[in-house]
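Okay, thanks for coming, everyone. Let me put the model up, and then I'll walk you through it piece by piece.

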Amino acid sequence: LSFVYIKDNKPVACAFLPIEKDAQIKSISICGGYVPAPFFLTQYTSEKIVMDTIDNIVKQEKISKVMFCIDPLEFDRFPYNFLVKYNYLDTSLVSYILNCKESAMRRNHLRAIKKISKDKSFSLHIMDKDNSDYTIHEIYRKLHHKCAGRITRPIETYDLQFDMLKHGNAVLVGLKLKNKFIAFTYFMHHCDKAISFSASDDPDYDHLPLYHIINDAAIKYLENIGVRHVDTGQPFTPFAQFLYYPDEKQRNISLFKTGFSGRFVQSFQGIKYFAKNIFEQDVEDFVKNYKDTIYE
């Protein structure tokens with residue numbers, strides 16, 4: 001039920017409102033997760049009417065909760081979480097933003113890159129719109145399933161990624177051992193911003209430092225095409241928060257990301273409940289998961 005708010009014959013705001021349904025509830029969410037918050041060209045004059053309109057739609061459709069997030073790459077536009085002004089529960093996380101112009105790295109990262117780069121058995125392959133190859137993209141997809149131990153999402157989502165790559169909004173960097181791809185990292189980009197979107201590797205080579213060199217190559221590529229800032233994405237927040245419960249693997253990923261030069265920013269999120277029983281279920285889940293992190 002997305003809409004555009006028009007004022008004086010000009011679009012000044014838009015709200016993306018996908019509705020998900022399961023056996024229990026309807027929610028504004030994507031795969032049970034957060035949806036980009038409404039975007040405003042003139043936030044001061046249109047914010048309240050847009051947020052009130054969303055509330056009216058939600059009540060009419062008997063939706064139980066709304067989950068919004070604010071792009072952490074917009075850190076210069078959002079000094080605070082404006083969602084809390086409209087009775088959203090603040091569920092913000094921490095993000096890590098890389099600066100492509102800063103090449104400093106943790107010492108262990110530099111050693112890992114040196115180890116791979118000096119071995120001539122390894123080579124890098126950078127794929128963008130100029131050399132897009134669906135066969136290589138399929139290798140990335142299949143390694144994603146092998147790495148996860150299961151099929152995590154439909155093939156159509158990977159095809160959408162490939163379309164973005166072909167149209168110049170993504171880059172896939174692969175690491176090859178001799179003639180075999182063993183790891184990939186995927187970045188989406190637009191104008192001067194990018195996000196670390198996905199990664200996959202062959203678990204048979206987990207003993208090798210695979211991602212240091214391919215992420216370094218990706219950052220250099222992005223800088224060369226004019227990207228300034230890269231959101232490393234979640235998982236990053238290392239400890240449990242409301243509806244966010246990282247495991248040991250995800251905490252290790254967080255540590256890895258901070259090995260590259262960057263800055264911590266708040267990743268603003270908020271949930272607004274319209275059904276008390278759904279809020280109580282989420283709180284119960286939080287109590288159970290967060291309690292396991294407390295060591296007396």
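**Walking through the fold**

Let me start with a helix pair: H3 passes H4 in a right-handed crossing. Right-handed here is when the near helix is turned clockwise from the far one by less than a right angle, and left-handed is when it is turned anticlockwise.

Quick housekeeping. This is a predicted model, so local features need pLDDT of at least 70 and side-chain atom pairs count only at pLDDT 80 or more, while totals for chains, interfaces and linings use all residues. Residues are numbered from 1 along each chain as its sequence is written, and side-chain values use heavy atoms, with hydrogens and water left out. Helices (H or I, at least four residues) and strands (E, at least two) are DSSP runs, numbered from the N terminus.

Back to that pair. H3 covers residues 134-148 and H4 covers residues 155-166; their axes come within 11 Å and cross at roughly 135°. Axes are lines fitted to C-alpha atoms, for helices over the stretch in contact, and angles run from 0 to 180 degrees between N-to-C directions. That makes H3 oblique to H4.

Who touches whom? From H3 we have Tyr134, His137, Glu138, Tyr140, Arg141, His144 and His145, and they meet Ile155, Tyr158, Asp159, Gln161 and Phe162 in H4. Contact means heavy atoms within 4.5 Å. Sorted by class, this H3 and H4 contact has five nonpolar, four polar and three charged residues. For the classes, Ala, Val, Leu, Ile, Met, Phe, Trp, Tyr, Cys and Pro count as nonpolar, Asp, Glu, Lys and Arg as charged, and the others, Gly among them, as polar.

Now the sheet. In what order do the strands of the seven-stranded open sheet come? The order is S10-S11-S12-S13-S14-S9-S15, with mixed pairing. Two strands pair if DSSP finds at least two bridges between them. S10 (122-127) and S15 (262-267) are at the edges with a single partner strand each, so one side of each has no neighbour in the sheet. From one strand to the next, the twist averages 30°.

Inside that sheet, S12 (residues 180-190) and S13 (residues 193-201) run antiparallel and are joined by eight bridges.

His109, Ala112, Ile113, Ile116 and Ser117 in H2 meet His212, Ile213 and Asp216 in H5. That contact has four nonpolar, three polar and one charged residues.

Stay in that area for Phe260, in the loop between H6 (248-257) and S15. Is Phe260 buried or exposed? Phe260 counts as buried, at 6% relative accessibility; the cut-offs are under 20% relative accessible area for buried, over 50% for exposed, and partly exposed in between, with a 1.4 Å probe and protein chains only. Leaving aside neighbours within four places in sequence, the contacts of Phe260 include His109, His212 and Asp216. The C-alpha atoms of Phe260 and Arg107 are separated by 10.0 Å, though the two are 153 residues apart along the chain.

Another buried one is His229, at 14% relative accessibility, and His229 sits in S14 (residues 229-231).

S1 (residues 3-7) and S2 (residues 10-15) pair antiparallel over five bridges, and Pro11 in S2 is the bridge partner of Ile6. They form a hairpin with two residues between them, and Asp8 in the turn has a positive phi of about 55°. Asn9, also in the loop between S1 and S2, has a positive phi of about 65° although it is not a glycine. Asn9 is exposed, with a relative accessible area of 75%.

Notes: Angles under 35 degrees count as roughly parallel, over 145 as roughly antiparallel, 65 to 115 as roughly perpendicular and the rest as oblique.
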